[in-house]
Amino acid sequence: MSALTSVSSFPRIGQNRELKKIIEAYWKGNAALEEVRATAKELRAKHWKLQQEAGIDLIPSNDFSYYDQMLDTAILLNVIPQRYQRLAFDNPEETLFAMGRGYQGDKGDVTALPMKKWFTTNYHYLVPEIDAATEIKLGSTKPFDEFNEAKELGILTKPVFIGPYTFLKLARNPQAEELEYDQGLIDAVAAVYDEVVAKFADLGAEWIQIDEPYLVLDKEEGDLSLFKSLYSKILPARKGAVKVLLNTYFGHIADAYETVNLLGFDGIGLDLNEGREENLAAVKQYGVAENTTIFAGVINGRNIWRNNYAVSLGLVDALKQVTKNVAVSTASSLLHVPFSTEGETGLADDVRKHFAFAVEKLGELHEVAVLADATDDEKKASAELKANQALFDGTRVAPDSAVAARLAALTPDDFVRQPARAERQKEQREALGLPLLPTTTIGSFPQTKEIRAERAKLRKGEISKAEYDEFMKAQVDACIKHQEEIGLDVLVHGEFERNDMVEYFGQNLNGFLFTKNAWVQSYGTRCVKPPIVWGDVSRAKPITVEWSAYAQSRTDHVMKGMLTGPVTILNWSWPREDITHEQQTQQLALAIRDEVLDLEKAGIKVIQIDEAALREKLPLRRTDWHKKYLDWAIPAFRLVHSAVKLTTQIHTHMCYSEFNDIIKDIDAMDADVISFEASRGDLVVLDAIHDANFETEAGPGVYDIHSPRIPSEQEIEDRIYEILKKMDVEKVWINPDCGLKTRGNAETWPSLEHLVAAAKAVRAKLSK
């Protein structure tokens, strides 16, 4: 007998990205919708059976999605804005895709819903939009259909939902503003969940999991009242044997635990990786209701390292001092880790044994549950526990003394660029000779099938490095020529030689490891394959200098060097757990600093250091923002560029996060120019820029590159005028939201032509 085991959610993209491939084939007209549905059904069955075979007791259903679980929740609640309903598609999937990625065709022209980062992960959710015309009601049978689908396979699942509190806190009105929670809205949302719980009771579900990750954030006035108001209406819908598990993750709920405990949930899921001390202290202080089971989230759903069983068992034991009702669970969804280490033959066995992806975490979950109920003698005799503890004996990696010495030699002056930014910006305008409202892109251009095929040929040894370089030079030449022809002011070389903005750098740094198939879903069908920080990091050799110098030699225009910043490299890698994130980021900062100075020596006058993920790992509790993150993340960025000449213009880029509340910290990065996502956020960041007297020149994105639609010249011109209402015209740059790597040439070039034409039109009007 072992403790009850529960998986919060399982990855849905497939071991070989089957879901991504079939959906993208459908979008391109190369697959039928029935093929998409069939693939999805096969994946769900495979994933349920995997968990069943691993001995998991509570296997999730409704964790599958064609695009995003928040989008699914909106559709479940019938929160579908009229502009999408008017498209009048024959199939619900087409409406879902229009909401997720926009639509431009014979049925109409609509932009996608806004997209934001899911708490502190690299996953992106679609922001639901609720207006006065929204009629909230049960609008989908998806959760019930998938529950019955599993039931037909002989598997009784635990349906999983994003909870009403989190949904309402993350939803926005059409102006991208937070909602006002009137009683009618609260009652309508609660009524749908009430109906869902009752329906699952009728269908024979034993457990229902309702995820409320927003509970781990700081509470504003009225938050707990809203939470209680919702659940005091939902929980009475329980009948028969159905139980409700309130699941929380990404932090602690110490300031809400008493309320949650008193409401009488059948289960409370606590993240014991993040927010460990606070959650344990709350349980000890307030106890556990007699009929409530604590789901101990000890298996980390956000890393790839093996679980330390001794630590996990200690956490379970600490809970058992308070209550006998303890289940063992993943700390969060396994959506955020790759599928399996199976097939990672590029990693030696003595390396691979340190990693656990989603499938391996199922085994860990089962073993911890068995050990949790074992006697002390049984634990001492356990071969599994002994093998596990051998992984943590401190011999995994040897320190690099040269890296340690370089870090020790840093002084406060190394983190400050001179002269002050206002003086630099004046000199840069004269040195670069750019027009008002200079136009540029974020860096990457579309990577075609031909480009990816050429990279594969090099990897397989079918062509020489010289042949590969000649092919890439031709791509760069064509890209530069096209940029010149349409009239962009600051050019980029297109990054055709790069596979991924983080992996490419990791491959040229000491201390990194790489996988073959460890893909993780980022948004929609977009997947990333983060590298692994295995040891101390340093630059092995110049990384981008040769390609940037070549590109600059092919044009008289200003060519922008393109780098990924240290915070983003760490946040989009699998970081070490044996040293702090701060230490790892400083190591990376020194490596990228070397690259910046070499680019400058090679004649590159504009250098962009992307920190797309800066906001991503900002602690969810405001009191932790500076002491646990910003106080070292911001200086790390300054360390990268502090030694360049005053005429070298430093750019940075950020995307798909809420920037308003850290706008002064972003300004403190001391870049000369920043570009950031703004089109899906309705430019709300402009108010923060205006109010903060933002000194950095800025390029709020004027169109959404994550949608296939092509914006018109007038649309972009209107955007520019919106920007100029809030910003000094001399500080405004014109650019897309993000890099163009994932788009096609057929969308990219017309969009950029419209961007340039719009900028020129506004310049002409301003000059009059």
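**Entry 1**

Residues are numbered from 1 along each chain as its sequence is written; the model being predicted, local features need pLDDT of at least 70 and side-chain atom pairs count only at pLDDT 80 or more, while totals for chains, interfaces and linings use all residues, and side-chain values use heavy atoms, with hydrogens and water left out.

Is I705 buried or exposed? I705 counts as buried because its relative accessibility is 1%; buried means under 20% relative accessible area, exposed over 50%, and partly exposed in between, with a 1.4 Å probe and protein chains only. Not counting residues up to four places away in sequence, I705 touches P736, D737, C738, G739, L740 and R743, a contact being heavy atoms within 4.5 Å. I also looked up V606, which is 99 residues from I705 in sequence and 23 Å from I705 in space, C-alpha to C-alpha.

**Entry 1: the largest cavity**

C738, one of the residues that I705 touches, came up again when I turned to the cavities, of which the structure holds 6 of 30 Å³ or more. A cavity here is a set of points, on a 1 Å grid over the protein atoms alone, where a 1.4 Å probe fits but cannot get out, and its lining residues have an atom within 4 Å of a point. The largest cavity contains about 530 Å³ of space, with grid points joined across faces, edges and corners and the volume taken as the space filled by probe spheres set on the points.

Which residues lie nearest the centre of the largest cavity? I noted D500, M501, R526, W572 and C738, out of the 32 residues that line this cavity. At least two lining residues come from each of β15 (520-523) and β16 (526-528). Sorted by class, the lining has 13 nonpolar, 11 polar and 8 charged residues, where Ala, Val, Leu, Ile, Met, Phe, Trp, Tyr, Cys and Pro count as nonpolar, Asp, Glu, Lys and Arg as charged, and the others, Gly among them, as polar.

**Entry 2: the sheet of 8 strands**

Next I followed an open sheet of 8 strands with parallel pairing, in the order β1-β12-β11-β10-β9-β8-β7-β2; two strands pair if DSSP finds at least two bridges between them. Its edge strands are β1 (5-6) and β2 (60-61), each of which pairs on one side only.

Within this sheet, β8 and β9 run parallel and are joined by 5 bridges, and D211 has N247 in β9 as its bridge partner. Of the 5 residues of β9, 4 are buried, so I describe this strand as mostly covered. Helix α8 (residues 183-203) lies across β7 (158-162), β8 (207-211) and β9 (243-247), and runs at about 175° to β7; axes are lines fitted to C-alpha atoms, for helices over the stretch in contact, and angles run from 0 to 180 degrees between N-to-C directions.

I then checked β11 (residues 293-299) and β12 (residues 326-330), which run parallel and are joined by 5 bridges, with F295 standing opposite A327 in β12. Helix α12 (residues 309-320) packs on the sheet and touches β11 and β12, its direction making about 165° with that of β11.

**Entry 3: α12 against α16**

The axes of α12 and helix α16 (residues 383-390) come within 9 Å and cross at roughly 120°. In this contact, Y309, A310 and L313 of α12 meet E384, L385, N388 and Q389 of α16, and the residues divide into 4 nonpolar, 2 polar and 1 charged.

T652 has I674 in β21 as its bridge partner, while S675 is partnered with G699 in β22. V673 and S675 point one way from β21, I674 and F676 point the other way, and all are buried.

D670 sits in the loop between α26 (663-667) and β21 (673-676), and D670 counts as buried because its relative accessibility is 14%. Residues up to four places away aside, D670 touches R417, R421, R424, R638 and H641.

Last, I looked up T647, in the loop between α25 (625-641) and β20 (649-654), which counts as partly exposed because its relative accessibility is 27%. Beyond its neighbours within four places in sequence, T647 is in contact with E427, Q428, A431 and K605.

Conventions: 1 Å grid on protein atoms, 1.4 Å probe; cavity = no way out; pocket = protein on both sides within 12 Å on 5 of 7 lines; lining within 4 Å.
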